Each structure stands twice: as structure tokens, then as C-alpha cells.
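Please open the structure in your viewer and keep the selection tool at hand. The tour below moves from one stop to the next, saying at each what to select and what is there.

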Amino acid sequence: MSKFLKSAAVIAAISMISGPAMAEKLGLGRVALPEEIAAWDGEIQPNGIGLPIGSGDALVGEEIFADQCAACHGDFAEGIDNWPKLAGGADTLDRDDPLKTVGSYWPHLSTAFDYIKRSMPYGNAGTLSDDEVYAIVAYILYSNDLIEDDYVLSNETFLDVELPNAKGFIVDNRAEAEYAIWSGEPCMEDCKDDAKVTMRAMVLDVTPEEEKPEVVETAAPVTEAAAEVVEEVAVAAFDPALAEAGKKVFKKCKSCHQLGDGAKNRSGPILTAVVGKAAGAVDGFKYSKPMKAAAGDGLIWTAAELDAFLKKPKAYMKGTKMGFSGLKKEEDRVAIIEYLKSFGE
Amino acid sequence: MSKNNTGNSPSRRAFMRGAAAAGAGALSVGAAKAQTADPLITEIQPWAQELGDGVDAVRYGLPIEYESDVVRRNVEWLTADNISSINFTPIHALDGTITPQGCAFERHHSGAIDLKKDDYRLMINGLVDTPLVLSYADLERFPRENHVYFCECAANTGMEWAGAQLNGAQFTHGMIHNMEYTGVSLRTLLEEAGLDMAGDLKDKWVFVEGADASSNGRSIPMEKALDDVLVAFKANGEALRKEHGYPVRLVVPGWEGNMWVKWIRRIEVMDGPVESREETSKYTDTLENGVSRKWTWAMDAKSVVTSPSPQAPIKHGKGPLVITGLAWTGRGAITRVDVSKDGGKTWETARLAKPGEKMALTRFYLDTDWDGSEMMLQSRAMDDTGYVQPTKAQLREVRGLNSIYHNNCIQTWLVRSNGEAENVEVS
């Protein structure tokens, strides 16, 4: 690192060529207040700088994890489906398909605290207290067999825990390991005796299909009068084409909600037969206070209520724990409600 | 084309097929002869007779409906949901080098957020003389710069490490876009806050984070921060799109896309790297012996033939054929691209549409005469450091099979005599 050590004059001369030269400060913006800095400056460094005062153990962590994390990351932090696995994979890094988790791969425990505190739970980030984060991190360590369940993780004991792969990283060495061999005048002729196909993507067949334009044209031609009738009926009856469109929109909900046979509560409640049903009524799901209050007041998820809720959940119900910004487009809301209807009303 | 003949696609397709066959059968010298007069020429067409749309028919235009297949696509099985997910630029169907914002790939870690300019705040803190808060309006009062840069996700081509998987340049190489950015240099902003406090800048870093729930914090060494990093608010002349970080994102030329923090809200001068999740758990490269490289920021030289390719087969039979593709390097400028039709046995040097520009996409063409025989098409980029894009075998020899990121290997498309192409690996 030396480029910026050139004299200021040289730098100024260079910057004249490519862009504007800054003579002196412009005096723009304003001074950041200490409480503003405190609100945003939260990162935690490997040496523990930034760790807040607090503590927690795996026993407490297990409960919070079951409640707020297990829907995606599994009861034992082992991960569900395609959601990240947070535990397991010890000694797999030098094997085929290594399993990289907080336990097997991460070099610093500070990263777990830092990331969970800012970005998890997914869809409701930044809501965990410091003690809760200590407890959750302890639970993840416990799930990785790295501490006992009564080990109290705190700002004081934090640095005592060394992760197994702490020494498993080297700084980018491509310059030495690669650039020297892959430089110079390349071969242009007779570069190899033969070139044979050794593997084909078609064999795997994992490429998504070309999305065909909506097959509206295959439907029998409708006269204008017929079209009107269809439209009128659609208001009342179930519209399969619309539901199909709604299925696509449901991709936005899938991370938190399941539907139909075998559906389970995830970070959001099961949505089977939600249309026309009482709000906040799925067994075993822990709703937020405002959702419980609305349920107590007799809120029914009619199409109109759903439409209003889904448009902007947090505006419709202040304090709901549904971490979703909303479906702005009316057509998306109409379609998804139709799709939800296809799972019972 | 009369109005009641709306379901005309089969006949039109048949016509095209006929035309292709005629082309293929014709002598290779001079233009082919038509059998019958073309009604598109001999009959007055509605568009030549009636009036088209008035101005303002669409206040902000999208491509015409016939281009509706030129869109971003995702691969659903890659991620658990489509919020923390990625999609791909349709590079197989684009030409030139600038990527239109509307089809430029997206990668979010907690979804694309809705952030108004009025609600936008940028904090600069840490080892600076005066910690600052800047509004969007403040940013617009600093001296501005314009630069064209590519942004490539480090995971581009990542699914191809262990073998040929996805059948299309969009899927294998589409985590890339190339735009003209307008913004303020990070150096300008850091100097506004003042770096005297930081002392010796040699071992200093900046930590950058976004306003979304993922925050996507990354540490950047001070040397790079003061070199060419841009705090950008316009792309291709207009405001950034929501999905690319509206209203303000970071541009880190030549370095992996994950560092180009979107919705950037804070820049902190620090005395060391944070080693955040995005620079430890992710964006590190595990070698065969289980040791992993970290801080592999620069994107090495890479290229791909965008057409012909699996999603862009040859439809015209033998004869004149334009082979085209893209080349780029995060370590300078592209100086040369070679193309092989026989899986790497012999190479021809392609024509660069323009001399390579620093950390920007370069378009190459090989104007050729196809004899209709099978081809194993490859392209190989070189940059001004003398680096030559490696083969997959060369990469695997050094790194093993367990890497995800930074796969810049030479790509092979098997083009059959019927013009269809497939993603393959060759010996």
C-alpha cells in the first residue's frame, strides 16, 4: 500500500486529469450527534471492540432460538431445506462439499454477534436485546458442541471462546499462486491434441425453463358480450387464472408462510384457509400483541381486510411482527388473495 | 396481416423456418433468390397505412412487447426464497457494453428496500476529524465524476465449479452489469470529514454498510477507498433503480459486487477490518486443503461468448456468422480476446469494438464464415497486466473443487450443426 503516500501535490495533479480537484472543505452536511453515532455505529470487531455489556447462556438461548430462528434454521441450528445451516460440518473443510457453518467455518465469534444483532431474525432485524443475542450465540456454540449448556457467554467471557477454524484463513495470494503462471503470450495453434466433451449441462437438466408468454390465446375466442359476462362472474366465483398469477406473488411470502398439506408454522403462521377466517387464530403460533388485540376485537380476514393489510402491513397494523413491506400493486394483492382462496375459504 | 388473423404465430414461424432452410440450401456466394414476392413488401401493411401511438402513450418507456423475453431470470433452486436471492442479466440478448438498468441483475440479502431521497442519510464517522451526516441534497453539492464500470458478483459462474450445470450465458455469466455512474468520489467525502485524526493511513480501513436489514457491512482498505471508489446516485444518466440501491450506492471498481453496498448509510474510518459475515462466512474461497483465502477482492480477467450460446442459437444456417461476447478485468483494461472454435486447439484473435477501458466491459466480435460443422466455442481474455484467462482445469489445479466465488474460467459452448448450443466441459 503506497499509492496514496505520494505527495499531496502529485495527487492533486493526478486528480485534475480524471476529475474535480478539491481545494478545501466545502462545509457541507452537519456534525453527527453522539446519539446518532451510537444508534448506527454497532459493528463488533474480532478483538471484541464494540461488544455491549450483557450475558446469556444456551439454555435461555434455546428458547429464543426455537421461537425466533428455528423456523428457518432448525431446532438445533441444523438448517431447514435451503435455509442456512448454523451448526455441524466439523472437519469437513478439506473434503468434497464442505459444510460451512458458524461452528465449522467462521473464524471469529464476533461476527456471529455482529450479524445476528443487526440482521436477524430475517424479516424482523434489529429487534433482539443484547442479552438475547448473547444467549442465542451461546446456543449456536452449544449446537456446535463448542461449549456446555451452562456456559455464560458475556462481554467478559466472549474472547475466551476460540472457534475451530480461527486459523483457517490466509490473505489473498493469487498474485503469487496464480498470476505468475497464467501470464504471458498464450498458445494460438496446436495447443492440444484433442478436445472432447467431458461433461454436458443437458445431462443435469437444472436450467429453468424458458417462461412461455401467458397462454391466453389458447382460450376460445370470446365475443365482447361473453367477455362482460365472464368479468361479472369473476367477481364472485373463483378465478383459476388469477390464482395462478397469485401463486407467483406468493413467492414473496414463502420465506415465512406455508400453505396446504403438511404446512407448518414458520416465522409466520400457516395461511391455509385464511380467507374469511378469524385473524390471529392459528394454533401454536405466537402472534404479536396488536395482532392478538385485533383478534380479540373480532377481526376477520375478508378479502377487503386482507387487501388493506397486505398493501402495507405496518401501516395497517402498527407493531405487527410481519416483517414484510407490502404489496404495492393492487393486481398482486387481488391475485394473491385469489390464490389463498384456492387453499380453502 | 389482416386484423382478425391474430393467431398468426404458427404461420409466421413456418415462414421463418422456410426462410432459414432456403438460406442454408443456397449457394454461399451472393444473396439467395426468393421464390415468390414477399407480401410484407408488396402489400401495404397497417403500420404503413394507419397512425402509430401519440407521444406520451407511455410516460416512461419499456422495451416493445416483442422483446419481452429479454428479462432478468432467476434459478429458483439456488436459494430458499426470492428475497435473499439473485437473478441474472440477459447478456445473451444484449449487445454493446452498457447494461440497461431495467434488466441488470439483482442481488439482495434482505430484499430491495424503499428509501426516499428525503429519508436518506449518510453518516461518516470513526477516525475522522468531524463526524458528518449528509443528506441526499448535500451529496449533490459535491463535485461530481462520471465513470463506466462493471459490477460482477463474486459468485458469477460459481455454479459451474464442479461441472457444467446451467444452460445459458445468462445463467452462467449473468451476475454482471456495466453502467455509467455519476457520483462523488469517496476520497472527496472522507476529506470533507477530515483524515488527520486517522494518522498513518497505511493500515486504516473504511467500513461501509447499507440501510437495509442485511446492512451488508464490508471493510475496504484505505488505499482503495482513496483511489477510485465512488458514492454514486445516478446510473446510465438516471436515478439508480430501487433494486440497485436507490438513492445512493457504493461503486468499488473492479472489486467483487458484494462490496458495492446498496442504500449506503454509513462509512466509518477504522484501524482494522470488521471481518463481517460477508467477508468471512461468505466471499472467502476454500482451497483443496481446507484453508480459505480471504480478502479476494479483485475480479480477475474473464470473458464469455454471449452469442451464439444456448439461449441464442444460430438460426440462419451456414455462412456469415457474428460471434460476439464480453470481456472484463478488475485489474485494469482488456487488451485482447482470442476465440477458439475447436475447444482450445487453435485460436483466432477477435476484434474489440473499442479499446478496453479500465474496469469496464469490453465487447468483442469475430466475424466469421460458418461451414455448418460442430464448434466448441471458447473465448480467452487478456488484460494489461499480461494475465491470461485460465481454463477450468487450470483453476481447479490450484484451487480444487470446493470454491464458489471467483470462477473466471474459459467457458465452452458446444454448437451443433443445427445451430443449437449447449454448455459443456472439454478435455
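The stops that follow cover a sheet, a set of charged pairs, some backbone features, a helix and a surface patch. Please bear in mind throughout that this is a predicted model.

**The six-stranded sheet**

Begin by colouring the strands of the open sheet whose order is β1(A)-β5(B)-β4(B)-β13(B)-β8(B)-β9(B), a sheet of six strands with mixed pairing. At its edges stand β1 (30-31) of chain A and β9 of chain B, and because each has a single partner strand, one side of each is left without a neighbour in the sheet. Now zoom in on β8(B) and β9(B), which pair in the antiparallel sense over four bridges. To see one bridge in detail, select B:Trp205 and then B:Pro221 in β9(B), its bridge partner.

The side chains of B:Arg218 and B:Glu256 meet in a salt bridge, with 2.9 Å from N to O. Are these two residues buried or exposed? B:Arg218 is buried, with a relative accessible area of 1%, and B:Glu256 also counts as buried, at 0% relative accessibility.

**Two further salt bridges in chain B**

Select B:Arg363 and B:Asp95, which form a salt bridge whose closest N and O atoms are 3.3 Å apart. B:Arg363 lies in strand β21 (residues 362-370) of chain B, whereas B:Asp95 lies in the loop between β2 (85-88) and β3 (107-108) of chain B, so the pair ties together parts that are 268 residues apart in sequence.

Next, select B:Glu425 and B:Arg396, another salt bridge, in which the closest N and O atoms are 2.9 Å apart. Here a strand is linked to a helix, with B:Glu425 in strand β24 (residues 421-426) of chain B and B:Arg396 in helix α8 (residues 392-399) of chain B, 29 residues apart. B:Glu425 counts as buried, at 11% relative accessibility.

**A network across both chains**

For the next view, show both chains and select A:Asp41, A:Glu43, A:Asp114 and A:Arg118 together with B:Glu209, B:Arg265, B:Arg266 and B:Glu268, which salt bridges with shared partners join into one network.

**Backbone features: cis peptides and positive phi**

Turn now to the backbone and select B:Tyr246 and B:Pro247, which are joined by a cis peptide bond with omega of about 5°. B:Pro247 has its place in the loop between β11 (238-239) and β12 of chain B. A cis peptide bond is also found from B:Ser307 to B:Pro308, with omega near 0°, and B:Pro308 sits in the loop between β16 (302-307) and β17 (319-328) of chain B.

Which value does phi take at B:Asn216? It is near 45°, a positive value in a residue other than glycine. B:Asn216 lies in the loop between β8 (205-210) and β9 of chain B, and it counts as buried, at 9% relative accessibility. In chain A, select A:Ala77, a non-glycine residue whose phi is likewise positive, near 65°. A:Ala77 is in the loop between α4 (70-73) and α5 (109-119) of chain A and counts as buried, at 0% relative accessibility.

**A charged patch on chain A**

Remain at the loop between α4 and α5 of chain A, which is also the place of A:Asp75. A:Asp75 is partly exposed, with a relative accessible area of 47%, and together with A:Glu62, A:Glu63 and A:Glu78 it forms a negative surface patch.

**A covered helix in chain B**

For the last stop, select helix α6 (residues 186-193) of chain B, which is mostly covered, with seven of its eight residues buried. Among the buried residues are B:Leu186, B:Leu189 and B:Leu190, and also the charged residues B:Arg187 and B:Glu192. Step one residue past the helix to B:Gly194, which follows α6(B) and has a positive phi, near 90°.

Note on methods: Residues are numbered from 1 along each chain as its sequence is written. Chains are lettered from A and ligands numbered from 1 in the order in which they are written. This is a predicted model: local features need pLDDT of at least 70, side-chain atom pairs count only at pLDDT 80 or more; totals for chains, interfaces and linings use all residues. Side-chain values use heavy atoms; hydrogens and water are left out. A salt bridge is a side-chain nitrogen of Lys or Arg within 4 Å of a carboxyl oxygen of Asp or Glu. Helices (H or I, at least four residues) and strands (E, at least two) are DSSP runs, numbered from the N terminus. Buried means under 20% relative accessible area, exposed over 50%, partly exposed in between (1.4 Å probe, protein chains only). Patches are made of residues with over 30% relative accessible area and no salt bridge: like charges are joined within 9 Å, nonpolar side chains (Val, Leu, Ile, Met, Phe, Trp, Tyr) within 5 Å. Accessible areas come from the Shrake-Rupley method with a 1.4 Å probe; for residues, only the protein chains shown count as cover. Lys and Arg count as positive and Asp and Glu as negative; His and the chain ends are not counted. The place of a charge is taken as NZ of Lys, CZ of Arg, CG of Asp or CD of Glu. Two strands pair if DSSP finds at least two bridges between them.
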